[in-house]
Amino acid sequence: MRIYTMHSKPKIIWIDAVGCNGCSHSFFNYSLDLFFDEFSLLYHPILDTDEFEVKECDILIIEGALRDNFVRLVFELNSLITELFCKSKKVIALGTCAVFGGIFGEGVLFNKEKKGMFYKYKDKVINIPGCPIHPEWLAYVLNMLKENKEIRLDEFNRPIEIFAFTSHSGCSRNEYFEWKIDAEHFGTKEGCLFYIQGCQGPFTHSNCNRVLWNEVNSKTRAGTPCFGCTEQNFPKEELFKTETFMGIPANIPLGVSKRAYLTLSGIAKSLNNERLNKKIINCKEDFKSEN
């Protein structure tokens, strides 16, 4: 059990490492006023806060990847992070760059799947991957810390409440996935995006299709494949292509044996779901008329 004592209004220092500030924009566009009502933000690089000082705080948020000899706030980045680690009660690695390294460098605890330079501090760290993070993920973690409630973490220090699911869970296209009926184009309302369009939903840890963005949408609902942005290997090459071997997806959904998957796939392909196929035909006709 991990329970930490916070002030009534926890003090936060938010550091930008090597990244794009996408997680900041995602979160503050969602809940800026509520955030300031509940937390004291000592420093943030793109908000009107006090000048930066290395001092004690309840929560240190690191957004962006780490890189040797990279200067931030006149400090060498990794040395700065080390000092702040020692002066904070809890650390949140925010976004896939901060968690796994992403495009720009190394993560706080992990360099892709390997242990990173600050792994020895892992008991202080909560990882929230995403590119960008869903704003409700950070809101959940901050509120749990403020209320001194337990946050159960998985083997990558991610909150189980958020990342025990896959993006596939709750996807509105799951029936098409089960019957192996493909979507041939982006932006269409019908068909599965896994078999042709490169959707990473069956092996991406997130609750994006359970807790919708802006409470209404997700990538797959909008007709775009899941990019797998919460995973160690993000971004993969050829985002919009499904790797196959003899017509079978090279990557099998999490938790399913290859033999079982091939058996179920063969059965599904041999059957004809007239209702779903009719919807696909109508969708193709609508797509042609719109274009």
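1. The model is predicted, and it holds 7 salt bridges.

2. Lysine 89 and aspartate 58. Lysine 89 belongs to strand β6 (residues 88-94) and aspartate 58 to strand β3 (residues 57-63), so the pair ties together parts that are 31 residues apart in sequence. Aspartate 58 has a relative accessible area of 1% and is buried, whereas lysine 89, at 36%, is partly exposed. The cut-off for buried is under 20% relative accessible area, with exposed set at over 50%.

3. Lysine 122 and aspartate 123. Lysine 122 is partly exposed, its relative accessible area being 27%. Aspartate 123 also counts as partly exposed, with a relative accessibility of 48%.

4. Arginine 158 and aspartate 154. Are arginine 158 and aspartate 154 buried or exposed? Both residues are buried. The pair is also part of a network of salt bridges, in which Asp154 and Arg158 are linked with Glu231.

5. Geometry of α1 and α4. Two packed helices are described by the angle between their axes and by the distance between those axes. Here helix α1 (residues 22-38) packs with helix α4 (residues 135-146) at an angle of about 20°, and the axes are 9 Å apart. That angle makes α1 roughly parallel to α4, as angles under 35 degrees are classed that way. The crossing of the two helices is right-handed.

6. Contact of α1 with α4. Which residues of α1 meet α4? On the α1 side they are Ser26, Phe27, Tyr30, Phe35 and Glu38. Their counterparts in α4 are Pro135, Glu136, Leu138, Ala139, Leu142 and Lys146. Sorted by class, this contact has 7 nonpolar residues, 1 polar residue and 3 charged residues.

Conventions: Residues are numbered from 1 along each chain as its sequence is written. This is a predicted model: local features need pLDDT of at least 70, side-chain atom pairs count only at pLDDT 80 or more; totals for chains, interfaces and linings use all residues. Side-chain values use heavy atoms; hydrogens and water are left out. Axes are lines fitted to C-alpha atoms, for helices over the stretch in contact, and angles run from 0 to 180 degrees between N-to-C directions. Helices (H or I, at least four residues) and strands (E, at least two) are DSSP runs, numbered from the N terminus. Angles under 35 degrees count as roughly parallel, over 145 as roughly antiparallel, 65 to 115 as roughly perpendicular and the rest as oblique. A crossing is left-handed if the near helix is turned anticlockwise from the far one by less than a right angle, and right-handed if clockwise. Contact means heavy atoms within 4.5 Å. Ala, Val, Leu, Ile, Met, Phe, Trp, Tyr, Cys and Pro count as nonpolar, Asp, Glu, Lys and Arg as charged, and the others, Gly among them, as polar. A salt bridge is a side-chain nitrogen of Lys or Arg within 4 Å of a carboxyl oxygen of Asp or Glu. Buried means under 20% relative accessible area, exposed over 50%, partly exposed in between (1.4 Å probe, protein chains only).
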